[in-house]
Amino acid sequence: MPTASLSPTPAPTQTLTPTPTPTLTPAPTEIPTVCGGPRSMLILLIGSDARSNTYEIGLADAIRLVRVDFVQPRVQLLTFQRDLYVEIPGIEDHYGITHGKLNQAFLYGNPGYGYYDGPGQGPGLLALTMEHNFGAHADHYLAVNLQTFSRVIDALGGIDIRLPYEIDGRVEGSKDPNRYFPAGYQQLNGYRTMLLARMRTRGDFQRSEIQNLILQAVGEKFFRPSTITQLPEVTEAFRGSIQTDLRPAEVGQLICLAGKLNADNIGFVNFPDDLFENTRVQDPVLGNTSIISVDFGILKAYVKKFEDGTWSGVKDDAGEGITP
């Protein structure tokens with residue numbers, strides 16, 4: 001009987017599963033900046049209480065960190081209280097000074113004291129102190145003394161301001177009308193604006209509130225079309241009368257941005273008042289002195305939100321995710 005031949009079983013045909021073509025997600029288009037500026041610029045704005053037209057000696061009477069946004073044109077200002085008690089780095093070789101009020105960092109850094117040999121003199125040491133204590137970074141600084149501030153206001157034609165309450169800075173028995181400010185609307189020249197900015201009849205926080213109203217009034221005058229056209233001339237007139245590291249190119253970017261702003265694009269934000277405590281310390285320079293105490297860790301969280309541009313200024317907005 002013949003042997004049956006067995007045919008080999010054919011191998012199964014391999015089924016190929018096609019590799020899916022990846023779906024490419026387009027990269028988000030980055031919104032370009034205006035005026036050739038960076039995406040944001042942080043400027044330390046300082047009002048010096050120096051009465052002379054120099055910056056040899058003087059405390060920082062007003063301290064604001066300014067965030068300038070060149071993507072969605074706007075400006076925000078964050079207030080720092082001058083009596084915050086902080087560590088001042090880099091000057092321990094001078095009488096063992098390690099701490100002081102925030103406004104003293106500006107004083108110690110300027111040439112009159114000569115305690116600091118780093119960049120930027122008084123504004124430089126103040127900026128270094130703010131970054132050391134609060135993580136507040138400044139790309140540039142601008143300091144204005146009292147005489148220059150008064151002249152700037154007069155160059156703008158004065159300001160229009162509405163005060164929420166009466167402010168009477170006269171000493172007992174004085175009838176000086178320049179130091180009395182009724183509640184409500186009023187027009188102020190440079191001298192009276194300077195006096196108002198320095199008064200603290202109800203304490204430091206009230207003075208900061210009034211200073212912000214003054215800055216708001218300056219902004220409203222500053223951003224009028226008639227003023228903006230004169231900004232290059234006004235800026236040039238005050239060159240040499242201020243302390244700043246802003247170069248002509250950066251000044252040009254800011255002037256360009258000013259033409260795209262109005263008063264509604266300028267916002268003021270403040271740390272919650274209940275974070276702060278008025279107390280006293282024994283300071284080696286000032287003796288037993290009043291200071292403002294606060295948890296620096298909490299302030300650092302607020303500062304980061306401000307610098308990131310995520311602090312809208314709406315009440316309680318800054319506190320989201322921040323636990324006192």
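Predicted model: local features only at pLDDT ≥ 70, side-chain atom pairs only at ≥ 80, totals over all residues.
How are H3 and H4 oriented to each other: roughly parallel, roughly perpendicular, roughly antiparallel or oblique? Residues are numbered from 1 along each chain as its sequence is written, and side-chain values use heavy atoms, with hydrogens and water left out.

The protein has nine helices and 14 strands. Both kinds of element are DSSP runs numbered from the N terminus, with helices being H or I of at least four residues and strands E of at least two. Of the 324 residues, 44% count as buried; buried means under 20% relative accessible area, exposed over 50%, and partly exposed in between, with a 1.4 Å probe and protein chains only. The protein exposes about 17,600 Å², and carbon and sulfur atoms supply 53% of that area. These areas come from the Shrake-Rupley method with a 1.4 Å probe, and for residues only the protein chains shown count as cover. Now look at contacts, meaning heavy atoms within 4.5 Å. Among those between residues at least 6 apart in sequence, 63% join residues at least 24 apart.

Back to our helices. Two packed helices are described by the angle between their axes and the distance between the axes. Helix H3 (residues 146-155) and helix H4 (residues 190-198) pack at about 130°, with their axes 7 Å apart. Axes are lines fitted to C-alpha atoms, for helices over the stretch in contact, and angles run from 0 to 180 degrees between N-to-C directions. H3 and H4 are therefore oblique to each other: angles under 35 degrees count as roughly parallel, over 145 as roughly antiparallel, 65 to 115 as roughly perpendicular, and the rest as oblique. Their crossing is right-handed, a term for the near helix being turned clockwise from the far one by less than a right angle, with anticlockwise giving left-handed.

Which residues make this meeting? Leu146, Phe149, Ser150, Ile153 and Asp154 in H3 meet Gly190, Tyr191, Thr193, Met194 and Arg198 in H4. The buried residues of H3 are Leu146, Thr148, Phe149, Ser150 and Ile153. An α-helix has 3.6 residues a turn, so residues three or four places apart point the same way. Among the partners of the buried residues of H3 are strand S6 (140-144), strand S7 (159-163) and helix H5 (204-222). After H3 comes Gly157, with a positive phi near 85°.

Helix H1 (residues 102-109) and helix H2 (residues 121-134) pack at about 145°, their axes 6 Å apart, and H1 passes H2 in a right-handed crossing. The residues that meet include Phe106 and Tyr108 in H1 and Leu125 and Met130 in H2.

Finally, the structure holds one disulfide, a pair of cysteine sulfur atoms within 2.5 Å. This link joins Cys35 to Cys256, with 2.1 Å from S to S. Cys35 lies in the segment before strand S1 (40-48) and Cys256 in helix H8 (residues 248-258), so the pair ties together parts that are 221 residues apart in sequence. The link is left-handed, with -75° about the S-S bond. Cys256 is partly exposed, with a relative accessible area of 35%, while Cys35 has a positive phi near 65°.
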